[in-house]
Amino acid sequence: MCLNPLKATTVRLRLQGPVQCWLKSKWMRVTVVLPCSLSALLLCLSACQEAPEQTYDWRLPAGFPQPLVPQDNPMTAAKVDLGKALFFSQDLSFNQQQSCASCHQPQHAFSEGLTTAIGASGQKLRRNTLALVNVAYNSTLTWAHSGLTRIEQQILIPMFNEDPIELGITGHESAVLARFQTPQYAPLFTEAFGDDQVNFDRIVKALASFVRSLTSFNSAFDRYAYQGDDQALSASAIRGMDLFFSERLECFHCHGGFNFTQSSQHQNQRLDLRPFHNTGLYNDDGQGAYPQRDQGLIEVTLQGHDMGHFRAPTLRNVARTAPYMHDGSLATLQEVLAFYAAGGRGQGITSPLKDTFIQGFSLTVEEQQDLLNFLESLTDEQFGQSFDTEKPLNSDAMFSAP
Ligand code: HEC
Ligand code: HEC
């Protein structure tokens with residue numbers, strides 16, 4: 001039987017009901033303390049002149065919906081090319097020590113092997129770097145933020161945030177811009193925007209276009225489930241898939257749909273879905289408290305019931321994105337499975353805020369291997385591998401896997 005995960009989404013859609021309202025967020029407060037130049041940029045993001053729209057070839061397999069793209073930043077191949085060059089450029093950090101790709105590495109499906117990320121000045125971030133896989137379909141961005149819905153907004157955080165510093169551009173705006181006013185970049189800006197003027201509005205739009213272009217739909221699972229290739233999965237991986245979509249394990253309730261997360265939006269989806277869940281990782285006070293350093297969605301909504309709520313990330317390419325969870329506190333997929341089998345971790349197992357779908361279960365050794373084989377079948381071997389063939393700025397060294 002060829003199981004269709006899209007069905008699982010439909011069931012969940014009916015059950016879910018309206019989503020929570022938007023509230024003032026922590027990051028909104030972050031934005032307020034940013035310099036005036038950035039406020040101008042924020043205005044500019046919606047108002048600036050745009051080069052004429054072109055059709056972009058998403059190269060999606062037949063039957064998959066196109067992601068939604070903001071009207072003021074239509075996809076073009078030229079913007080994606082410029083965005084790619086910027087994404088891999090250390091000139092984007094104040095001290096030229098870090099690029100987006102320092103944390104979002106192609107060989108790790110654009111995440112990295114660290115427990116939590118480290119910024120350009122050496123400051124430790126509190127969260128694990130998210131993989132950039134089909135981000136264009138995410139209804140919200142980052143691990144836990146119901147109001148952050150545009151990639152253009154999200155990118156401002158690593159660029160301009162001051163605590164912790166990631167790329168650290170704040171206070172170094174003109175120096176950073178000057179590094180891109182070069183004969184090498186001029187043709188890329190001209191192709192993308194009509195002339196070679198360099199500003200942060202254009203840089204952000206190009207970066208967002210590149211991030212949207214990172215689609216991944218060519219795993220063994222895809223070949224089996226969507227392309228009719230019955231040989232693409234081993235018998236063990238098929239058993240693992242059946243477990244994943246079973247009511248005994250419940251995984252699909254939160255990691256459902258073609259992107260293995262309920263947090264999704266696209267052309268054919270009417271409902272605005274922004275679910276977050278408490279998986280029982282922590283329960284510091286018997287009432288479900290997560291550690292002060294990161295309490296998830298509650299920091300944004302200030303609603304008690306959002307304590308420890310995080311977005312279920314996509315599981316596409318998950319075998320490449322260890323360590324796992326928002327704080328990188330589970331090292332391997334085996335540890336993740338043991339965590340779900342136990343119904344949480346430590347005191348988290350009895351947390352009153354834990355989602356009802358995290359009940360625990362027992363797996364035989366063979367079933368555990370089946371599930372691992374299924375999760376590994378979600379790896380798209382070509383994803384992140386094509387960068388050495390396209391060479392904006394001749395930066396092949398930066399684009400090739402180590
Ligand atoms: C210092 C490491 C670091 C750098 C540099 C960095 N990021 Fe990230 N990125 C992260 C972490 C950590 C998260 C998760 C943040 C959170 O949940 O609060 C993230 C999240 C994201 C997301 C959200 C993905 C999703 O599924 O919601 C996008 C998009 C993104 N980064 C793009 C970029 C771009 C573009 C750049 C360069 C301008 C960049 N990042 C630079 C570490 C980094
Ligand atoms: C109640 C919703 C829910 C259920 C059910 C659920 N998950 Fe998750 N999953 C999440 C959330 C939320 C996270 C992130 C939690 C965090 O970081 O605090 C997550 C994280 C993960 C991760 C780590 C991904 C990464 O990139 O770090 C994996 C792997 C995973 N889940 C697999 C599974 C499997 C396998 C099952 C079934 C046994 C399952 N999940 C059941 C919501 C769920």
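The shell around ligand 1 comprises 17 nonpolar, eight polar and two charged residues, where Ala, Val, Leu, Ile, Met, Phe, Trp, Tyr, Cys and Pro count as nonpolar, Asp, Glu, Lys and Arg as charged, and the others, Gly among them, as polar. The model is predicted, so that local features need pLDDT of at least 70 and side-chain atom pairs count only at pLDDT 80 or more, while totals for chains, interfaces and linings use all residues. Residues are numbered from 1 along each chain as its sequence is written, and chains are lettered from A and ligands numbered from 1 in the order in which they are written.

Among the 27 residues around ligand 1, the nearest are Cys100, Cys103, Thr142, Trp143 and Pro158 (a residue is near a molecule if its C-beta atom, placed from the backbone, lies within 6 Å of it). At least two shell residues come from each of α5 (100–103), α6 (151–160) and α9 (200–212), and the largest contribution, five residues, is that of α6. Helices are DSSP runs of H or I with at least four residues, numbered from the N terminus.

Around ligand 2 there are 24 residues, of which Cys251, Cys254, Tyr324, His326 and Asp355 come nearest. Two or more residues of this shell are given by each of α12 (251–254) and α14 (333–342). Its composition is 16 nonpolar, six polar and two charged residues.

Helix α9 also packs against α4 (residues 77–87), at an angle of about 100 degrees and with the axes 7 Å apart; axes are lines fitted to C-alpha atoms over the stretch in contact, and angles run from 0 to 180 degrees between N-to-C directions. The two helices α4 and α9 are therefore roughly perpendicular, a term that covers angles of 65 to 115 degrees. The contact between α4 and α9 involves eight nonpolar, two polar and three charged residues.

Two cis peptide bonds are described here. The bond from aspartate 163 to proline 164 has omega near 0 degrees and is cis, with proline 164 in the loop between α6 and α7 (173–178). The bond from alanine 322 to proline 323 is likewise cis, with omega near -5 degrees, and proline 323 lies in the loop between α13 (298–301) and α14.

The loop between α13 and α14 also holds asparagine 317, whose phi is positive, near 65 degrees. Glutamate 250, in the loop between α11 (235–244) and α12, has a positive phi near 70 degrees and is partly exposed, with 18 other C-beta atoms within 10 Å.

Technical notes:
Parallel < 35°, antiparallel > 145°, perpendicular 65-115°, else oblique. Buried ≥ 20, exposed ≤ 12 C-beta atoms within 10 Å, placed from the backbone.
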